[in-house]
Amino acid sequence: VKKLGTMDGFFPMKNGILDICKGEIVPTEDIYLRTTNIDFDPESRECPKISTMLDNMFTSDQKEMVLSIIGAAISGKRAPFILALSGAGRNGKSLFREILEGLMMEMITTEKLENLNTTFVNEVFMGKKISWQTEVDSSRNFTTQVKDITGGTTIQVRKKFVDGTLQYPLQMVAIIGTNSPPHFDDSSRLS
C-alpha cells in the first residue's frame, strides 16, 4: 500500500486522486487516501474570489511566485521553499492560511518548529507538505529548524506504546506569516 504523502505528482481530492501532470482523476485502489473537501472539476480552471484576494495581496510577479511555491507543495516537488509573508494586521495572511488549511487539510501543520525533534512530537511533521509558522523565534535554532524542514533532514519518530523508531525525511514548504519581517540569526544562507 502506498502512502499518498510520499507520492510526488499526485494530490488527493474529495472525488479521487488528481494526477497533476495529466489533470485527471486516477483510480484509488491500493492507496492510503488523505482527502481534501474539494472536488476536482477539470472544467473549472479559475477561482475568481481567490484570484482577487491574491491580486489584493501581491504584485503579479509575487502572485506567480506564491502560486509556484504552493503548486510545488501540492505536487510534492522536492525543492526547498521558504515563503515569508509579513505586514500589518488585516492584510490577508490569516485568510490565506485558512484557504491553504482548507485545501491541504491534514497535509499542513502549524506545530511550532521549536517542538521539532521533541520526543513523540515529530510524528505531527510526518507527511506534511506545508509548515505554517506565525511566531518566529529569530534565534540560530529557528534558522536551523527551517533549514531542516525544507531541506530533507531525516527525523526520528517515536510513537507512544510502540517499540523502536522510524526514520522519516522531511521535505515541506515553510510559510512564515508575521506582522514584522522575520530575521534569521545565521550568517549562512537559507538554501
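A: A crossing is left-handed if the near helix is turned anticlockwise from the far one by less than a right angle, and right-handed if clockwise; in this predicted model, α1 and α3 cross in the left-handed sense, whereas the crossing of α1 and α2 is right-handed. Residues are numbered from 1 along each chain as its sequence is written, and side-chain values use heavy atoms, without hydrogens and water. Because the model is predicted, local features need pLDDT of at least 70 and side-chain atom pairs count only at pLDDT 80 or more, while totals for chains, interfaces and linings use all residues.

Q: At what angle do the axes of α1 and α2 cross?
A: Two packed helices are described by the angle and the distance between their axes. Here helix α1 (residues 48–57) and helix α2 (residues 60–75), each a DSSP run of H or I with at least four residues, have axes (lines fitted to C-alpha atoms over the stretch in contact, with angles from 0 to 180 degrees between N-to-C directions) that come within 8 Å and cross at roughly 125°. Contact, meaning heavy atoms within 4.5 Å, is made by S51, L54, D55 and M57 of α1 and by Q62, K63 and L67 of α2.

Q: Which residues make the contact between α1 and α3?
A: The axes of α1 and helix α3 (residues 93–104) come within 11 Å and cross at roughly 145°, and the contact joins I50, M53, L54 and M57 of α1 with K93, L95, F96 and I99 of α3.

Key
Helix = DSSP H or I, 4+ residues; strand = E, 2+ residues; numbered from the N terminus.
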